[in-house]
Structure formats: structure tokens, C-alpha cells
Amino acid sequence: MVEYKPFKAGKVREIYDNGDSLIMVATDRISAFDHILKNDIVDKGVILTQMSKFWFDLTKDIVPNHLISCDVNDMPEFFRTKEFEGRSTMCKKLEMLPLECIVRGYITGSGWASYQETGEVCGIKLPEGLQESEQLPEPIYTPSTKAELGDHDENISYEKSIEVLEKNYPGRGEELAEKVRDMTIAVYKKCAEYARERGIIIADTKFEFGLDENGELVLADEVLTPDSSRFWPVEGYEVGHGQPSYDKQFVRDWLKAHPDSDYLLPDDVIQKTIDKYKEAYELLTGEKFC
């Protein structure tokens, strides 16, 4: 049996070269504030993989995606073990764009902080009088650069995103920036409407896109997981304050309240976190997680 070693490891995922495809494995690691925490969240990687698969299937009418298979039986023998089952994605090789494609449907987090100071979010002027957690009149696209592990992403304007893409793809910067923006908002709108009907508000999220061998845009990486999105329960939602969440905001809040934790979570926080991830998965997919 041929053994494989990851050629790239991110905060959560490890990536293996499979010749004409890649195999992306979601670990149970969790990160917050640009640190990988010392605990694993058991089953988290499986939830991220299966939830992304669900959304890829739901949005393939809007934009093609990188998914080939999440079944380890379609992968080399090395991956056909319990260690990799459920958390591995065989996907197309792409040239990834150097952008995080962020879309905000509600005003919260750093966007709320910026709005309070300037009335703007990432240079976009918003109506006066918005309250914390309020739905925006229309979703806004606020891209950022992609930082290396341990560094911070940098929010940039749409105009700056054109410059970034033009530098990497001469003659295509404006075209790619426009397509990425429009696809980001279109995917968000479809999925946010779907999720709301099932009891979850998607306040904001981020996507990543790459180019295939024909230079066409393809949705990649993870999609609308609790790691990459803010999920709020519809029940009890009201503007004017922060919302309870199904995502890792719960972990962030605990870390803020315990600055001396050294990024080590207690058992009850670990359990509550995975319970929230599982609940979100079951509400959105309609399937029991097991």
C-alpha cells in the first residue's frame, strides 16, 4: 500500500496530492483568534466535510465546485480507514484566488464595531440607525486577503480586490472580481433563504474560489460550515444585542472571558461546542448525525 503524507497543513485541514486530484482531510482541530487550540473537538472534521458536501450539492446550479467524492472507497487504499472516513474530500486541483470572499447579511462582529465608529463596513456606507445584529437591506460583499498561517487576514475594498486579481491575472482583474462578488452574494442568498426556513440565520460567511484548467471560476475549500460562518437560531432572534450561535463564536466568547486559558478549553466547553455543530448539521440537512 502506498503511504501518503500531507504536503500542506492549515489550521484545520490537511491536503494530500493524489495525482490529478487532491484529497482534503478535515481534522478535529479548532482555531480562534489565529491560534490553533490545544483541544480537539471530536467529530468536528466529519461535520465540516459532510455539511460542505450538502451545500456543494445545493449550489451547483449557481457555480461549479471542486467536489469529486467524499467516499473513501473512491480514494486510494491508504484513505480507506476509520481515521479518514467521513472527513475526506477528493477534489479537483485548482489555482486558488488570493481572496477570502466574505458576505455579510447582518451587522455583527467586526462589522458592527466598524459601523459604530464610521457608519461604514469595509468602506461601504450603510444606512444610519442600524442596531447590532440587524439584517442589512441587502447583503454586502467585503473581501479580504488570505493570510499565511499565524497572520491576520486584511479586509480590503472591492476596488482593491480588482487590483489584487489584476496583479495575479493580468487583463482579468475586473472581470474576476465582478464574477466572484456576484457568485458570493448569489450563493449566500440561496443558502440563507434555505437555512432560515429550517430555523437558522446565516449572519455572514466566507467562500473561496479557484480557477480550473479552462480558467473558469470554481467554488472550493469549505462552504457554510460553523467554522466559516455565523449561524444564529431564528427562534429568539431580536436586534439590539449579540445572538446565541451554533458556530465557534461560543468558543471565542469563552476565550475572551478567560484570557489566561492559554487556548486550552475545559471539557464542558468542548462538549457544548460539538453539540452546537451537530445541532446545526441536523437542522440544515434534515439528517441525524451519527
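A residue is termed buried under 20% relative accessible area, exposed over 50%, and partly exposed in between (1.4 Å probe, protein chains only). By this criterion, buried residues account for 50% of the 290 residues in the protein. The structure is a predicted model, in which local features need pLDDT of at least 70 and side-chain atom pairs count only at pLDDT 80 or more, whereas totals for chains, interfaces and linings use all residues. Residues are numbered from 1 along each chain as its sequence is written, and side-chain values use heavy atoms, with hydrogens and water left out.

The radius of gyration, taken over C-alpha atoms, is 19 Å, which agrees with the value near 19 Å for a compact globule of 290 residues (globule rule: 2.2 Å times the number of residues to the power 0.38). Along the principal axes, the C-alpha atoms fill a box of roughly 65 × 55 × 40 Å. With contact defined as heavy atoms within 4.5 Å, 62% of the contacts between residues at least 6 apart in sequence join residues at least 24 apart.

The secondary structure consists of 6 helices and 16 strands, assigned as DSSP runs numbered from the N terminus (helices: H or I, at least four residues; strands: E, at least two). An open sheet is formed by 5 strands in the order 1-2-3-7-6, with antiparallel pairing; two strands pair if DSSP finds at least two bridges between them. Its edge strands, strand 1 (8-9) and strand 6 (67-69), each pair on one side only. Strand 3 (residues 21-26) and strand 7 (residues 88-92) are joined in the antiparallel sense over 5 bridges, and isoleucine 23 has methionine 90 of strand 7 as its bridge partner.

Glutamate 100 lies in strand 9 (residues 99-106) and lysine 206 in strand 14 (residues 200-211), so the pair ties together parts that are 106 residues apart in sequence. Glutamate 100 is buried at 7% relative accessibility, while lysine 206 is partly exposed at 30%. Aspartate 34 and lysine 11 form another salt bridge, at 3.1 Å between the closest N and O atoms. Arginine 172 pairs with glutamate 175 at 2.9 Å, and Arg172, Glu175 and Lys179 are linked in a network of salt bridges.

Methods
Salt bridge = Lys/Arg side-chain N within 4 Å of Asp/Glu carboxyl O.
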